[in-house]
Amino acid sequence: MTYFENVEKIKYEGTTTENPFAFRHYNAEEVVLGKPMKDHLRFAAAYWHTMTQDGSDPFGSAVNTRNWFDEDPMQTAKNRVDAFFEFMEKMGIEYFCFHDVDVAPEGESLQEFYDNLDVITDLIKEKMDQTGIKLLWNTANMFSHPRYNNGAASTNNADVFAFAAAQVKKGLDISKKLGGENYVFWGGREGYETLLNTDMKFEQDNIARFFKMAVKYGEKIGHKPQFLLEPKPKEPSKHQYDFDAATTIAFLKHYDLEGDFKLNLEANHATLAGHTFEHELSVARSYDALGSIDANQGDLLLGWDTDEFPTDVYAATLAMLEVVRNGGLAPGGINFDSKVRRSSFEMDDLILAHIAGMDTYARALKSVEKLMNDKFFDKLIDERYETFKSGIGQSIVEDKEDLESLTEHALSLDTVELKSSHIELVKSKLNDYLV
């Protein structure tokens with residue numbers, strides 16, 4: 001069966017095309033900054049939003065038109081595999097990501113869930129072998145089921161902790177089976193409602209124990225993907241432990257986990273934390289912790305995770321600048337953790353939305369190339385910190401000064417000369433680089 005019957009393989013046709021089912025900017029083999037565009041971007045599709053999201057929200061039922069549903073949940077799961085790989089091939093997307101519950105029904109027991117996962121991941125592996133499409137990362141959903149009401153690794157119930165461990169063990173077995181390049185932990189309920197009944201240190205100690213168990217098991221089975229933590233504030237836990245990049249890096253360093261983990265950062269999560277996406281990426285890059293990203297955007301007028309497809313070229317350009325400065329993301333990538341709007345309910349909207357996201361990041365990459373070729377930011381930064389390149393500033397940087405010597409220098413000054421940053425001019429000129 002053909003699921004996207006109205007769509008052929010999406011091709012690059014340039015900015016003059018009037019074909020909505022074509023890339024206007026994303027040209028996979030075009031060389032940008034020394035390598036093909038696809039190698040910079042390493043796009044991935046999210047199984048959950050692409051295949052299981054139904055368009056429902058707290059105020060309305062499902063609206064999405066999807067042609068893979070069957071009365072038998074396992075047959076629906078099998079149909080989704082066929083539809084997903086057809087979608088991936090037509091989009092030219094080479095990687096994908098999934099939660100365990102996205103691909104297989106949980107059934108009535110843990111063993112039934114395992115059995116269902118074995119059946120569906122066998123089918124996924126067949127498709128991967130046929131198409132060459134690869135697994136960027138998988139993860140365990142340890143937040144949706146009622147058992148995780150009080151967290152997974154941070155739970156107050158040891159049996160729940162064990163169940164979560166069983167899900168991650170199976171997830172790592174699947175990662176090895178499918179050649180996963182990364183494995184993600186998203187602490188969807190790793191937080192607390194109130195300190196009145198919470199031992200915060202005990203819960204975070206247990207989270208660290210959990211992560212160390214995962215690393216040890218990966219080593220035992222001869223599979224060590226890049227482990228990733230994904231920060232997210234406020235949602236769904238009021239006090240989320242992995243609030244932002246800085247909080248999560250501090251956790252990793254405190255528990256001696258920084259050698260095993262990097263971060264998977266999402267644009268909309270940065271918004272919820274009160275940061276820009278480029279801020280989060282820069283923090284992670286500064287500590288050699290930038291591993292992979294989820295590409296989406298939030299609505300600043302709404303206070304939740306809207307997961308919109310990225311169409312803001314300005315924001316995407318500043319994000320891609322951090323990615324390029326990081327030397328790329330491999331073995332990580334750019335996963336579209338994005339869902340179509342409720343009013344975009346037709347099958348073809350999945351194609352059109354991914355084209356929009358891929359074109360946005362292609363434009364961002366080409367904008368970064370122009371900025372870097374002209375050394376736009378290099379010149380700004382060099383000028384801003386020029387007083388530290390000679391004289392007393394250079395001496396400070398070379399650790400030759402102390403409080404007493406600097407006091408002596410300060411007392412010798414009649415005045416301190418400051419220069420304007422001309423920030424409005426800088427922002428105006430930056431706009432000229434956007435493709």
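Because the model is predicted, local features are reported only at pLDDT of at least 70 and side-chain atom pairs only at pLDDT 80 or more, whereas totals for chains, interfaces and linings use all residues. Residues are numbered from 1 along each chain as its sequence is written, and side-chain values use heavy atoms, with hydrogens and water left out.

The secondary structure of the protein chain comes to 16 helices and 14 strands, where helices (H or I, at least four residues) and strands (E, at least two) are DSSP runs numbered from the N terminus. Along the principal axes, the C-alpha atoms fill a box of roughly 85 × 60 × 45 Å. The radius of gyration of the chain is 24 Å, which agrees with the value near 22 Å that a compact globule of 435 residues would have; this radius is taken over C-alpha atoms, and the globule rule is 2.2 Å times the number of residues to the power 0.38.

Of the 435 residues, 49% count as buried, a class that means under 20% relative accessible area, with exposed meaning over 50% and partly exposed lying in between (1.4 Å probe, protein chains only). The protein chain exposes about 21,200 Å², and carbon and sulfur atoms supply 51% of that area; accessible areas come from the Shrake-Rupley method with a 1.4 Å probe, and for residues only the protein chains shown count as cover. Among contacts (heavy atoms within 4.5 Å) between residues at least 6 apart in sequence, 76% join residues at least 24 apart.

Just after α12, Lys 375 takes a positive phi of about 55°.

The structure holds 20 salt bridges, each defined as a side-chain nitrogen of Lys or Arg within 4 Å of a carboxyl oxygen of Asp or Glu. One of them joins Asp 260 to Lys 224, with the closest N and O atoms 3.0 Å apart. This pair links distant parts of the chain, 36 residues apart, since Asp 260 lies in the loop between α8 (245-254) and β12 (261-266) and Lys 224 in the loop between α7 (200-220) and β10 (226-229). Asp 260 counts as partly exposed at 23% relative accessibility, and Lys 224 likewise counts as partly exposed at 47%.

A further salt bridge brings together the side chains of Lys 419 and Glu 386, at 2.8 Å from N to O. Here too the pair links distant parts of the chain, 33 residues apart: Lys 419 is in the loop between α15 (403-411) and α16 (423-431), and Glu 386 is in the loop between α13 (376-384) and α14 (391-397). Lys 419 counts as exposed at 63% relative accessibility, whereas Glu 386 counts as partly exposed at 34%. Elsewhere, salt bridges that share partners join Glu 29, Lys 38 and Glu 94 into one network.

The loop between α13 and α14 also holds Phe 388, which is partly exposed with a relative accessible area of 39%. Together with Ile 381, Tyr 385, Ile 396 and Val 397, Phe 388 forms a nonpolar patch on the surface, with about 450 Å² of accessible area together. Patches are made of residues with over 30% relative accessible area and no salt bridge, with like charges joined within 9 Å and nonpolar side chains (Val, Leu, Ile, Met, Phe, Trp, Tyr) within 5 Å.

Tyr 255, in the loop between α8 and β12, counts as buried at 12% relative accessibility, and, leaving aside residues up to four places away in sequence, Tyr 255 touches Lys 201, Gln 204, Asp 205, Ala 208 and Lys 212. Asp 100, in helix α4 (residues 100-103), is buried with a relative accessible area of 5%, and, with residues up to four places away in sequence again not counted, Asp 100 touches Phe 113, Leu 117, Thr 139, Ala 140, Asn 141 and Gln 167.
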